[in-house]
Amino acid sequence: MDSLDREPRQGFIRTVVGAIPTILVLGAIGAVGWWGHTHNWAVPKFSTLTDGPTAADDWCREHNVPESVCVECNPDVMPAAKPRGWCRVHGVPECVLCLPELAQLSVVASVTQADLARAKRSLEFTPRSENIKACTTHLRRIQFASDEAANNAGVAVTEVGWGPAVEFVAGPGEVEFDQTRVAHLSSRAPGTVWRVFKHLGDPVAAGELVALVDAAEVGKAKAELLQAFALQSLREKTLQRMRSAGAAESPLRIEEGEASLREAQIRRSAARQMLVNLGLLLEAADLEKRNADQLESELQFLGLPATLTKSLDPRTTTSNLLPIVSPTDGIVVSRDVVAGEVVDLARILFEVVDPQYLWLTLDLKGEDARRVKTGQPVRFRPDAGGAELLGAIAWISPQADPKTRTVKVRADVPNPTGAYRANSFGTGRVILRDEPHVLSVPSEAVQWEGCCHVVFVRDKDYLKPGSPKVFHVRKVRVGAKNDATVEIPVGLLPGEVIVTRGSGLLLTELKRNELGEGCACHGKK
């Protein structure tokens with residue numbers, strides 16, 4: 001039993017003795033700590049222990065620049081200009097058009113009346129997006145630690161300059177021939193095609209012969225005129241003899257003779273008019289100068305050009321020939337006839353058009369059509385490619401299409417070289433505003449901040465050694481837009497330097513610093 005009790009006591013003694021060094025070390029550390037506390041000791045920083053730069057201690061985590069030069073945390077480093085307030089005329093705060101000294105330029109710019117008028121035209125042309133007056137982000141400044149840091153972040157800048165501004169409404173369209181210069185030629189009497197002179201694609205002049213039709217109605221009309229002419233001549237001679245007889249002839253018979261002559265004259269006039277209706281012109285005065293033989297000779301080839309009649313034998317050629325002539329200059333774009341074919345009045349034999357004049361018809365949305373006026377220029381790009389067509393609005397439909405609810409507008413398009421083809425589809429733009437000289441910036445430079453359009457403007461002293469690398473948040477109004485540029489009617493002045501590539505990064509930084517500060521559109525809370 002004594003040996004069993006002795007072993008636990010020996011194990012306990014060994015444990016206590018083994019813990020004595022640990023207890024002594026902890027006591028020593030506690031004593032040193034108490035002594036250091038009473039003598040104001042400080043633990044050395046990690047940067048000192050590792051021989052690292054002490055600049056890490058001078059860092060503003062909120063704005064990612066050294067604390068000592070942070071313009072947001074230390075306003076004295078770069079005192080901000082005194083806020084000048086909201087511009088009621090142009091709808092932006094700190095308006096550089098009204099207060100050019102606020103622009104980030106080395107010298108104060110001169111704003112002319114032409115500049116103010118240009119901005120006014122743009123703002124009044126159509127409702128523009130507006131900025132919220134309560135938003136205070138324009139008071140912010142985005143700072144980089146150095147120019148190298150900005151370059152490494154992918155920030156690129158450009159100088160504000162000039163460019164064109166074009167605003168338009170667009171719609172699908174179709175090019176067709178000017179319908180006032182299109183002629184559909186058909187025979188004025190049924191018959192058989194005797195000869196065809198023009199073929200598809202041939203040019204024709206106004207009054208030029210394109211075909212001849214052998215129409216019995218023509219021969220009948222000519223015969224009727226010859227009969228009426230002979231009858232009138234006979235009754236003229238009869239009346240003359242009656243009047244020569246004097247008292248031997250009764251007045252009643254003379255009156256009957258005069259009536260008969262008048263009847264013959266009317267019949268001759270009706271016969272002549274029948275030929276005129278067939279397109280065979282014959283002046284009434286010419287009938288008085290001819291005798292029956294002369295008239296018959298002239299009627300046989302009436303309406304045919306002299307160059308053709310010289311080659312025709314009057315003894316073997318029919319007098320039923322009806323010429324089909326073009327009423328306008330142009331080219332033959334359609335021919336649906338061959339010699340020997342029977343035709344009637346309803347059939348279109350030829351289509352002649354003047355390709356130097358085209359119509360462009362666009363289908364516009366109702367809200368877009370309200371902004372269109374006659375005389376406005378039109379540009380049309382065919383789907384098939386090629387040069388752009390240029391014209392001017394000549395007609396606006398007074399009604400909307402019952403199915404599509406679009407409004408048709410038509411433009412007259414000159415085509416002097418015939419380079420453009422009718423029946424082409426494409427997209428047309430009606431130019432509502434076209435100014436060649438407006439303030440313009442790359443599209444990527446303008447950012448939507450959530451309630452306002454902003455541009456980041458480089459500080460005028462940015463490139464000076466030792467100057468803070470600051471970009472100012474500038475509220476702007478936007479105007480005409482295209483694929484590459486945006487018009488800035490107010491908010492910038494020419495010569496200012498703005499951020500293009502990388503502006504989204506600056507916007508992210510601007511929004512990041514707003515977190516926890518309340519809505520930017522209502523100021524900091």
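Mentor: This is a predicted model. Start with R181, which lies over the face of Y357, at 3.7 Å from the ring centre.

Trainee: OK. Which ring does the charged end of K469 sit over?
Mentor: The ring of Y462. The charged end of K469 is 5.3 Å from the centre of that ring.

Trainee: Is Y462 buried or exposed?
Mentor: Y462 is buried, with 3% relative accessibility.

Trainee: Let's stay with rings. How many aromatic pairs are there?
Mentor: The count comes to two aromatic pairs. Take F144 and F471: their ring centres are 6.0 Å apart and their planes stand at 90°, so this pair is edge-to-face.

Trainee: Where do F144 and F471 lie?
Mentor: F144 is in strand β5, residues 141-144, and F471 is in strand β23, residues 469-476. The pair therefore ties together parts that are 327 residues apart in sequence.

Trainee: Are those two buried or exposed?
Mentor: Both F144 and F471 are buried. For F471 the relative accessible area is 1%.

Trainee: And how far apart are the ring centres of Y462 and F471?
Mentor: They are 5.2 Å apart. The planes are at 50°, so the pair of Y462 and F471 is tilted.

Trainee: Which residues form the aromatic cluster, then?
Mentor: F144, Y462 and F471 form one cluster.

Trainee: Which residues of α6 are buried?
Mentor: Buried residues in α6 include I254, G257, L261 and A264. R268, A271, R272 and L275 are buried too.

Trainee: What do the buried residues of α6 pack against?
Mentor: Three helices: α5 (216-245), α7 (284-288) and α8 (292-300).

Trainee: What follows α6?
Mentor: G279 follows α6. The phi of G279 is positive, near 90°.

Trainee: Sheets next. What is the strand order in the sheet with β12?
Mentor: The order is β12-β11-β9-β14. Those four strands form an open sheet with antiparallel pairing.

Trainee: Which strands stand at the edges there?
Mentor: β12 (321-325) and β14 (342-343). Each has a single partner strand, so one side of each has no neighbour in the sheet.

Trainee: How many bridges join β11 to β12?
Mentor: Five. β11 covers residues 209-214, and β11 and β12 run antiparallel. V213 has L322 of β12 as its bridge partner.

Trainee: And what about the sheet with β8? Which order do its strands take?
Mentor: That open sheet runs β8-β15-β13-β10, with four strands and antiparallel pairing. Its edge strands are β8 (182-185) and β10 (203-204), and each pairs on one side only.

Trainee: How many bridges join β13 to β15?
Mentor: Four. β13 (330-335) and β15 (350-353) run antiparallel. R335 stands opposite F350 in β15.

Trainee: Now β20. Over how many bridges do β7 and β20 pair?
Mentor: 14 bridges, in the antiparallel sense. β7 takes in residues 161-177 and β20 takes in residues 424-442. F168 stands opposite I431 in β20.

Trainee: How many bridges join β17 to β20?
Mentor: Five, again antiparallel, with β17 at residues 377-382. V378 has V430 of β20 as its bridge partner.

Trainee: And β24 with β20?
Mentor: β20 and β24 (485-487) pair over three bridges, in the antiparallel sense. The partner of P442 in β24 is T485.

Trainee: What about C98?
Mentor: C98 is in no disulfide. The nearest cysteine sulfur is that of C87, 3.7 Å away.

Trainee: What relative accessible area does C98 have?
Mentor: It is 40%, so C98 is partly exposed. C73 is also partly exposed, at 30%.

Conventions:
Residues numbered from 1 in each chain as written. Predicted model: local features only at pLDDT ≥ 70, side-chain atom pairs only at ≥ 80, totals over all residues. Heavy atoms only, no water. Buried < 20%, exposed > 50% of the residue type's maximum accessible area, 1.4 Å probe, protein only. Helix = DSSP H or I, 4+ residues; strand = E, 2+ residues; numbered from the N terminus. Contact = heavy atoms within 4.5 Å. Pairing = 2+ DSSP bridges. Disulfide = S-S within 2.5 Å. Phe/Tyr/Trp six-rings, centres within 6.5 Å; stacked < 30°, edge-to-face > 60°. Lys NZ or Arg CZ within 6 Å of the ring centre and 35° of its normal.
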